[in-house]
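Subject: Handing over the two-chain model

Dear colleague,

Please find below the structure I promised to pass on to you. My notes on what was found in it follow directly after.

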Amino acid sequence: MKRVLVIEDNENNMELITFILEAHQFKTLKAATGALGVELALREHPDFIILDIQLPDIMGTEVLQRIRNAETGAGIPIIAVTSYAMAGDREKLLDAGCNGYIEKPIEPDLIIAQIKKFIGDDL
Amino acid sequence: MYTVSEKNAQNFGHAKNPVTSILHQLNASTLAAAHGRNLTYLIYILLFICIFKCFATNAQADDVLNTPLSIRVGAYENKPKVYLNDSGEVVGLFPDILRCIAQKERWRINWIPGTWSQCLKRLETGEIDLMPDVAYSEARAQKYDFTRETMLVNWAVIYTNTTQTIESLIDLNEKRIAVMKGSIHTDGADGIKNMVKKFDITCRFSAVDSYKAVFDLVSRGDADAGVVNRLFGSLFSEIYNVRKTTIIFNPRHLRFACPKDSAMGPVLIDKLDQHLDNLKKEPESIYNKALSVYLSGLPRELIFTEFKKAPGDKKVPLTPAEKAWISAHPIIRLGIDPEFAPFEYVSSKGEYEGIASDYIQLLNERLGLNMQVAHQASWKEAVEKARNKEIDVLPCVGVTRERTQFILFSKPYIHFYRVIISRTNKPFLTGLRDIEGMKVAVQANSSHEGYLKDNTDITPVPYNTLQETLLAVSKGDADVLVGNLTSSTFWIRKLNLTNLKVAASVSQETQKLHFAVRDDWPELVQILNKGLDSVSREELNQIHKRWVNIEYQPGISSRDFWRNTIRIAGVIAVIFLIIMFWNYKLSKEIRKRIEIENKLHKANESLKALDQLKSMFIASMSHELRTPLNSIIGFTGVILQEMSGPLNDKQKDHLSRVYSSAKHLLSLITDVIDISKIEAGRIDIFPQEFFIWELMDEALITIQPQLNRKQLKLETSIPKDFVLVTDRKRLLQCVINYLSNAVKYTETGTIRVKAEQMDDHVKIEVSDTGVGISEHDQVKLFEAFERFESRLKVKSGGTGLGLYLTRKLAKEILGGDVQVTSRKGEGSTFGLVIPIRLNGIESPQNAD
């Protein structure tokens, strides 16, 4: 069973994303802050990470860089979840080492396909 | 009772020819008008002619109605202007003249007697048609209609007693002044109290009940000066032995007044003005007679009789001191100019003659003086002797600065013009400036010599007599001469010097001749002034007529020439002033506008800032709205997917509605965010390079489900190798907007999508076979929240912001524009024309 780390501060979004993932047979790890997210990513080494870009403590891009810069985190695929209002930052995210991004709102019937598109069918 | 029109008609029926009479008036008015007022006058007159012409036509039609006009005229007691005489008849200056005019116009006058305030009230209510003796003021002109002609100007005069030397306002400082209580000349806005205040003069006022009491105080020496109106002053100053000063103020124009906008008013006013104007100009008219009779306190009967020579035994009131002085000086030696005709000269019989000689005779009689000619050899010698006090009086001289050093001057009693005389073959001259550098002849020791020395750089060549001076010019020894008009023309004619002409006047002012008295005899000046004051207008006229009986008519009337020149100059000056004033006003206006513009600019800037703030607010607000909405959409989606358990059909249907409504709300918010961001200038542009077919594919895929649902056909024409560099996401948004609109408003048929290159632009077109848009609606198409056909509105379910946003994106982000062609019922074509390379910016990123 693949393990996914979801870094998301909004409780509703967290529930939505983890519910969908769990319904598709993923095991989820939850982090409500950026700091906890980085810690869990490096310690647990999940198969991939879903990262909300707007976090209360550290910027999503900062989280991304910290994971990428660590030896254990460099290889983990990361999918960013962006808000429409953050459109300008998307290219920056890809540059910063993001494997792909999903735009809110999350569509339950599309999200799994989107994830597979970015990190491969073998999940 | 007659109707108004009948009254008007008969009245005009009487003027033999209204237009001619107006032309006459025009002529007269033009002459009478002050220079600067000519223009206004002409405008008035033109207006009048128009009005008169209208009336004249009526008048001819109604000429048969020829009944006297009956006028109700107010009367009150104010001698000598209006009063009741012993036989109960309304007489006085105003009634006598009005009666004369009424007789000519066949008006019937009904006098309505009352007090002054009753009369004014009746005038206001229209109970009387005409009121005499109303002082004109702007405030009153609002309430009544006034004649333009003034019957009489009344003003305040300061009188003093013979021991005082008050001649100007300043002399009143620290003085005791007698005034009448409640008089307009005492307490009025322009009365004495306000006037002295304006000049910082302190006076002590003694207020008494009548003008008589004022004169009483002044003559007893209990006041240093007193204020009365000029009518009272001229009638009573002799009796009280008070002296008139030159201080006059607060002039009041006494006129006739009619009720405001009354039917009869304009007719009465026009006629009165016309008659008054004519009467004033005619010296023997009832107006001038009445004026002089009433103002000099003569019996009223004199107005209606021919003038006789004024009684010779007219008394001049002299003070005991003056009388004493006269008896102490039994002989007063006169030095005369033997050749100053017609003012004074020695006749061929060796007799002293001329205007001055008549005055001397009159003054000797009246004052008990004995002025005798002591020297008549030559004028030059006479002046020398006066300097040495071998002669006491020069009876007929002008003032020069040099003379004032050894001579005192009386009041002027003869007025003449100073002129330049040249030969007839000399070129045109306009004034003194033109004769600078010429050889200018002048009579030695004359006022003209002094005048030239005092006022110009000309060094005149003196000749002993006026004849010699004239002859010098005639013979060519001198170029021009400066002399007085009257005596020069007298001698030109006498010597038959036909080659001389009056070339120009020296100035528009008249020159004056005075008695000159040795400077140690000021008492005599005082006495002579009293004597001169006692000479009435008629006496004066008679003397002048005797000596200046022939009016000079030169080839070119220089006076007329100057008068007209000055008039024209006046008009030009007025026009010039108007232009100047106009310019001044314009420049002021411009300054004002620039100021306003600056203010507007500032206001505009702050509004812009405010607008940006608003857009920012909406953008961030909308973002906050999205977060809960995203949860709603997400969870609804999860349930609809039956991930959390199976649903029945009804539940599925209802949840689908929640889901699509939430999506609609989200797209609305998204559009608002976009628009707000564009308006706030906070939207970032990300140009990138891509194939256009790829973008069109993505758009078509997005719209495909709706297309399928409606079973619409799709035709595309998109070049495969066409690369664009622009903001991909924004262009995609625009194309999707066009496509979803096309699908929304088309029920059957085909959607056509086309892209083609146009120079450095690309044109993308989306056509449909839908409802189409009327021309009227096309104008509003790209405005916010404009949707047409309410029937469709419900079904279509768009945000109403789509095209508004599309245009904003096309213009402000993509640097292009939108187009639309449509016919109602025949479908529409929406176009988008944008640059192939956006603003020359190279894309920093490459998608995928």
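Helices and strands, as named in this message, are DSSP runs numbered from the N terminus, where a helix is a run of H or I with at least four residues and a strand is a run of E with at least two. This is a predicted model, in which local features need pLDDT of at least 70 and side-chain atom pairs count only at pLDDT 80 or more, while totals for chains, interfaces and linings use all residues. Residues are numbered from 1 along each chain as its sequence is written, chains are lettered from A and ligands numbered from 1 in the order in which they are written, and side-chain values use heavy atoms, with hydrogens and water left out.

I begin with the sheet in chain A. Five strands form an open sheet in the order β2-β1-β3-β4-β5, with parallel pairing, where two strands pair if DSSP finds at least two bridges between them. Because β2 (27-31) and β5 (100-103) of chain A stand at the edges with a single partner strand each, one side of each is left without a neighbour in the sheet. On average, neighbouring strands of this sheet are turned by 20° against each other, direction ignored. Within the sheet, β1 (residues 3-7) and β3 (residues 48-52) of chain A pair in the parallel sense over four bridges, and A:Val6 has A:Ile50 in β3(A) as its bridge partner. Helix α1(A) lies across β1, β2 and β3 of chain A and runs at about 165° to β2(A) (axes are lines fitted to C-alpha atoms, for helices over the stretch in contact, and angles run from 0 to 180 degrees between N-to-C directions).

Further along chain A, the loop between β5 and α5 (111-119) holds A:Pro105, and the peptide bond that leads from A:Lys104 to A:Pro105 is cis, with omega near 0°. Most residues other than glycine have a negative phi, and most peptide bonds are trans. In chain B, B:Asp200, which is not a glycine, has a positive phi near 60°, and its place is in the loop between α8 (192-198) and β9 (204-208) of chain B.

Next comes the interface. Taking contact as heavy atoms within 4.5 Å, 23 residues of chain A are in contact with 25 residues of chain B. The two chains bury about 2000 Å² between them, 62% of it on carbon and sulfur atoms, buried area being the accessible area (1.4 Å probe) that two parts lose on being put together, summed over both. One salt bridge is counted between chain A and chain B, a salt bridge being a side-chain nitrogen of Lys or Arg within 4 Å of a carboxyl oxygen of Asp or Glu; in it, the side chains of B:Lys663 and A:Glu107 meet at 2.5 Å, N to O. On the side of chain A that touches chain B, the elements that give two or more residues are α1 (11-23) and α4 (90-95) of chain A, and α1(A) gives the most, with seven residues.

Over all chains, the structure holds 43 salt bridges. One of these joins B:Asp224 to B:Arg176, with the closest N and O atoms 2.9 Å apart; the pair links distant parts of the chain, 48 residues apart, with B:Asp224 in the loop between α9 (211-220) and β10 (225-229) of chain B and B:Arg176 in strand β8 (residues 176-180) of chain B.

With best regards
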